[in-house]
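Work through the exercises below with the coordinates loaded. Each task is followed by a stepwise solution.

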Amino acid sequence: MLSAAKFSVGSKCSIRTLTSIATSEPSAPSVSTPIPGPKSKALKDDMAKVHQNPSVKFFIDYEKSFGNYLVDADGNKVLDTFMQISSIPLGYNHPELVALAKDPRLITAAVSRPALGAWPRTDFASLLRNSLIEVMPKGMSGVQTMLCGTSANENAIKAAFIRYQTLKRGGKPPTPADLESCMKHQLPGTPRLSVLGFQGSFHGRSLTMLTCTRSKPIHKVDIPAFDWPIANFPRYKYPLEKHGAHNKQEDEKCLKEVRSIIESRKKEERDVAAVIVEPVQSEGGDYHASPEFFKGLQKICKENDVAFIVDEVQTGGGASGTFWAFEQWNLPTPPDMVTFSKKLLTGGYYYTEDFRVREGYRIFNTWMGEPTKLVILEKVIEIIKRDNLVEKTRQVGEQLKKELSRLETVYPKNILNVRGLGTLAAFDMHDTQSRDKLIDVALSKGLHIGGCGDFTVRFRPALTYAKKHLEVTLDLLEKSVKSVV
Ligand SMILES: Cc1ncc(COP(=O)(O)O)c(C=O)c1O
């Protein structure tokens with residue numbers, strides 16, 4: 001442990017001094033209480049007095065956690081292959097990021113947070129160039145920062161609607177009739193446009209994004225929804241090499257459905273203005289689709305002037321083995337917009353020139369992003385490049401998939417449909433009960449894995465996840481599978 005920060009953090013009832021932040025990773029997990037343990041349970045009860053808490057699993061001591069290991073409130077050391085739902089790029093307390101805490105840019109951005117849309121920092125454009133623009137997909141024009149993945153998607157969709165209507169008006173701004181009618185939610189100012197999403201997708205939980213999200217009923221129940229269409233996303237059989245014909249048929253069937261929805265909506269004057277799709281349907285159950293499917297989807301969008309929005313909130317930032325998962329599709333042109341958050345630390349979306357919104361206050365809110373995140377991201381990207389972490393992730397991901405496939409042959413009744421892209425690896429179990437039990441047993445042995453969909457186990461480690469972590473993962477996973485059987 002190292003004395004890393006001299007400032008105090010205070011609250012009304014307790015003042016404590018941050019004296020030490022962990023500087024090395026445990027060599028192996030060690031667990032001495034159930035998880036959640038007594039301290040986590042007491043903290044959860046205390047939290048209930050001031051904040052809703054039903055989704056809280058256990059509490060983490062973020063000062064003691066390091067690299068790929070979290071340390072929970074009870075002192076248990078756990079290998080974390082889930083990393084705050086796929087969102088910490090370099091693991092806990094990377095020393096170069098901890099050292100950044102002293103950077104005056106970080107301090108002033110944290111203490112004097114700007115309303116970015118109106119009064120950005122003098123270094124805002126240069127911060128963007130060194131961070132988000134540094135990893136901007138080829139062929140895109142610029143970036144719009146936002147707060148989180150959901151707000152990135154919402155605003156990308158707004159940009160798609162604005163562009164669709166602008167095209168209809170021959171490139172002209174809204175007319176007085178548009179401006180007057182929109183205040184009454186009437187045509188022509190409030191158009192009957194829609195967004196096509198996919199069964200099993202997850203794009204966020206805000207009122208609008210819930211319409212596109214179709215992963216779990218509990219997210220949607222009781223909430224009104226837009227009348228927007230939904231298409232089927234391919235459901236493949238595994239291993240892929242044995243089921244080529246079935247999987248190709250799935251692609252074709254789903255693409256045909258997308259085309260037919262877009263055409264019929266147009267006839268009904270309820271045009272689809274955008275299609276939003278994840279490279280891997282992560283929350284919904286880690287469902288993959290082929291590059292051919294995505295190429296076909298983009299083609300249909302282009303033919304119908306529909307915006308093709310790729311939601312890389314969970315897949316972006318290198319975990320797929322390329323910085324952006326869609327780079328593996330070999331598209332003839334980039335998507336119209338690519339949304340991100342999680343490993344990119346700030347939410348936002350990249351746009352191609354046609355989707356730049358030219359009038360102020362149409363894509364806007366008070367904060368519109370977070371400059372502290374850009375200061376950190378600048379360093380994160382420097383480290384990812386310097387340490388060749390995307391390629392290393394591709395390699396360790398291959399190994400992870402290979403080893404999971406080996407376990408699938410040993411435990412064919414418990415591990416099914418192994419799949420993966422980089423370290424975004426997953427397998428299915430037979431039912432929710434055994435999946436949930438496996439996750440609990442693994443945690444009790446010091447391995448944190450994630451669940452998704454109804455019966456899927458998923459891995460979402462940091463980009464610093466390496467062979468030594470893989471070995472621990474496989475050892476504890478196999479022991480857990482054996483004890484669940
Ligand atoms: C693909 C995808 N899109 C959007 C979101 C929503 O992002 P956020 O939770 O940052 O709002 C998520 C979150 O898990 C996601 O996985």
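The exercises go from the whole chain to single residues.

The model is predicted: local features need pLDDT of at least 70, side-chain atom pairs count only at pLDDT 80 or more, and totals for chains, interfaces and linings use all residues. Residues are numbered from 1 along each chain as its sequence is written, and side-chain values use heavy atoms, with hydrogens and water left out.

**Exercise 1. Overall dimensions**

Find how many helices and strands the protein has, and compare its radius of gyration with the globule rule.

Step 1. The count is 15 helices and 20 strands, where helices (H or I, at least four residues) and strands (E, at least two) are DSSP runs numbered from the N terminus.
Step 2. The radius of gyration is 23 Å, close to the 23 Å that the globule rule gives for 485 residues, so the protein is as compact as a globular protein of that length. The radius is taken over C-alpha atoms, and the rule is 2.2 Å times the number of residues to the power 0.38.
Step 3. Along the principal axes, the C-alpha atoms fill a box of roughly 65 × 55 × 45 Å.

**Exercise 2. Domains and contacts**

State where the domains lie and what share of the contacts joins residues at least 24 apart.

Step 1. Domain 1 covers 1-80 and domain 2 covers 115-384; the bounds come from an automatic or database domain assignment.
Step 2. The centres of the two domains, taken over C-alpha atoms, are separated by 35 Å.
Step 3. Of the contacts (heavy atoms within 4.5 Å) between residues at least 6 apart in sequence, 69% join residues at least 24 apart.

**Exercise 3. Burial**

Decide whether Thr 23, Asn 130 and Glu 250 are buried, partly exposed or exposed.

Step 1. Buried means under 20% relative accessible area, exposed over 50%, and partly exposed in between (1.4 Å probe, protein chains only).
Step 2. Thr 23, in the loop between β4 (20-21) and α1 (38-48), counts as partly exposed because its relative accessibility is 38%.
Step 3. Asn 130 belongs to helix α5 (residues 124-130); its 39% relative accessibility makes Asn 130 partly exposed.
Step 4. Glu 250 sits in helix α10 (residues 244-267) and counts as buried, because its relative accessibility is 10%.
Step 5. Leaving aside residues up to four places away in sequence, Glu 250 touches Phe 233, Pro 234, Arg 235 and Tyr 236.
Step 6. For the whole protein, 52% of the 485 residues count as buried.
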